[in-house]
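Reader: Please walk me through this model, one question at a time. I am new to it.

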Amino acid sequence: MNLPTRITMARIAMIPIIIASFCLETALPQYSWIFIITGSLFFIASMTDFVDGYIARKFKMVTTLGKFLDPIADKVLVVAGLAFGIAAPDVVGIPYLMIVVTVVIIAREFAISLFRQIAASKNVILAAGKSGKYKTTFTMVALNSFLFIPANRMAGDAAQLASKVFWWIFIVSLGIAVILTVYSAIEYVLKNKQVFKDQKTQVEVIEEEDVEFPDEKIIEALEWCRANNSVEILQMSKDLGITIKRAFKIRVWLEIMDFVKIEDNQRVFEISDEDLEKIKQRKDEYYAKLGTNK
């Protein structure tokens, strides 16, 4: 288990502690300072989401276990924060607001998860938009701000002012988060609307000759993938003027040759100039033996 995965595990372990702290805060209102513990723990847990992802990508420490645990930790933490809002309507100040927001956010997650399952069944690579990341950021800002609104339970003008500031940050951030939640879902589906096309893709066995001696189309595909930093089948088929079946076969070949990596649930194409030249040379030598110049 590497460092990013350990950080993710720590975030998961913090969630029940955060929930317990919030429950104590509610059950023991005479101890007005408990909200500081709840808010601080939630803030630390939120920050670990950015830290583990950064370390994993920066130092190429992405693992299958990490990719499994990270979204679970994120979603459970967000759901916990939304539940806090539902449990404390007096802190929110707007009746039923958190119920509506929770339904919108959870419905979006269910819809996108189902959409990804359909795409995976069709071997379609999904193009993600930046709005999804912004949505997560504003959601976390809103939930963190919400947990510090109870500063008004403490004495002093500074505490009252801080509470009002946190409330406005919470309301504004939450509104932006809801808008981005809906927008990012629509954007995600529209960017990947090919998922809804009824296309049948058959995976064929890759012959040894295809792997050892690539033809000119594979060379073109290698250069196309590097230029576009993509291995998206439909676009490759369109740009190279080949069938979807042929484009899929080429991508499988690229995966066999270990030129395609999976990072953050996306296929990333990587090939060095040296490897590309070796493949071109091998192709030329092979067809030279056959007495042709393909």
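Reader: Is Glu109 buried or exposed?
Author: A residue counts as buried under 20% relative accessible area, as exposed over 50% and as partly exposed in between, using a 1.4 Å probe and protein chains only. Glu109 has a relative accessibility of 17%, so Glu109 is buried.

Reader: Before we go on, what should I know about the numbering and the values?
Author: Residues are numbered from 1 along each chain as its sequence is written, and side-chain values use heavy atoms, without hydrogens or water. The model is predicted: local features need pLDDT of at least 70 and side-chain atom pairs count only at pLDDT 80 or more, while totals for chains, interfaces and linings use all residues.

Reader: Which residue meets Glu109 in a salt bridge?
Author: A salt bridge here is a side-chain nitrogen of Lys or Arg within 4 Å of a carboxyl oxygen of Asp or Glu. For Glu109 the N to O distance is 3.2 Å, and the partner is Lys135.

Reader: Why does the pair of Lys135 and Glu109 tie together separate parts?
Author: Helices here are DSSP runs (H or I, at least four residues), numbered from the N terminus. Lys135 belongs to helix H6 (residues 131-146) and Glu109 to helix H5 (residues 97-121), so the bridge joins parts that are 26 residues apart in sequence.

Reader: How many salt bridges are there by this rule?
Author: The pair of Lys135 and Glu109 is one that meets the rule. The whole count comes to 8 salt bridges.

Reader: Where do Arg11 and Asp52 lie?
Author: Arg11 and Asp52 form a salt bridge, with 2.9 Å between the closest N and O atoms. The pair ties together parts 41 residues apart in sequence, because Arg11 lies in helix H1 (residues 3-27) and Asp52 in helix H2 (residues 34-58).

Reader: Which helix holds Asp74?
Author: Asp74 also has a salt bridge with Arg11, at 3.0 Å from N to O. Those two residues are 63 residues apart and link distant parts of the chain: Arg11 is in helix H1, and Asp74 is in helix H3 (residues 64-87).

Reader: How far apart are the C-alpha atoms of Pro4 and Asp52?
Author: Pro4 lies in helix H1 and counts as buried because its relative accessible area is 5%. Contact means heavy atoms within 4.5 Å, and beyond four places in sequence Pro4 is in contact with Asp52, Ile55, Ala56 and Met61. Along the chain Pro4 and Asp52 are 48 residues apart, yet their C-alpha atoms are separated by 4.4 Å.

Reader: How many residues are in the largest nonpolar core?
Author: In soluble globular proteins, nonpolar side chains tend to be buried together. A nonpolar core is a set of buried Ala, Val, Leu, Ile, Met, Phe, Trp, Tyr and Cys residues joined through side-chain atoms within 4.5 Å. Ile18, Phe42, Leu77, Leu82, Phe84, Phe146 and Phe170 have the most contacts inside the largest core, which has 26 residues.

Reader: Which element gives the most to this core?
Author: Two or more residues come from each of H1, H2, H3, helix H4 (89-92), H5, H6 and helix H7 (157-191). With 5 residues, the element that gives the most is H3.

Reader: How many residues are in the second, separate core?
Author: Ala221, Ile242, Phe269 and Ile271 are included in the second core. This separate core has 23 residues.

Reader: At what angle do H3 and H6 pack?
Author: Axes are lines fitted to C-alpha atoms, for helices over the stretch in contact, and angles run from 0 to 180 degrees between N-to-C directions. The axes of H3 and H6 are 10 Å apart, and their angle is about 45°.

Reader: Which residues of H6 meet H3?
Author: On the H3 side are Asp74, Leu77, Val78, Gly81, Leu82, Phe84 and Gly85. On the H6 side are Thr139, Met140, Leu143 and Phe146.

Reader: How is H6 oriented to H7?
Author: Angles under 35 degrees count as roughly parallel, over 145 as roughly antiparallel, 65 to 115 as roughly perpendicular and the rest as oblique. The axes of H6 and H7 come within 7 Å and cross at roughly 155°. That makes H6 and H7 roughly antiparallel.

Reader: Which residues does Ser184 touch?
Author: Ser184 has its place in helix H7, and at 2% relative accessibility Ser184 counts as buried. Leaving out residues up to four places away in sequence, Ser184 touches Arg108, Ser131, Gly132 and Lys135.
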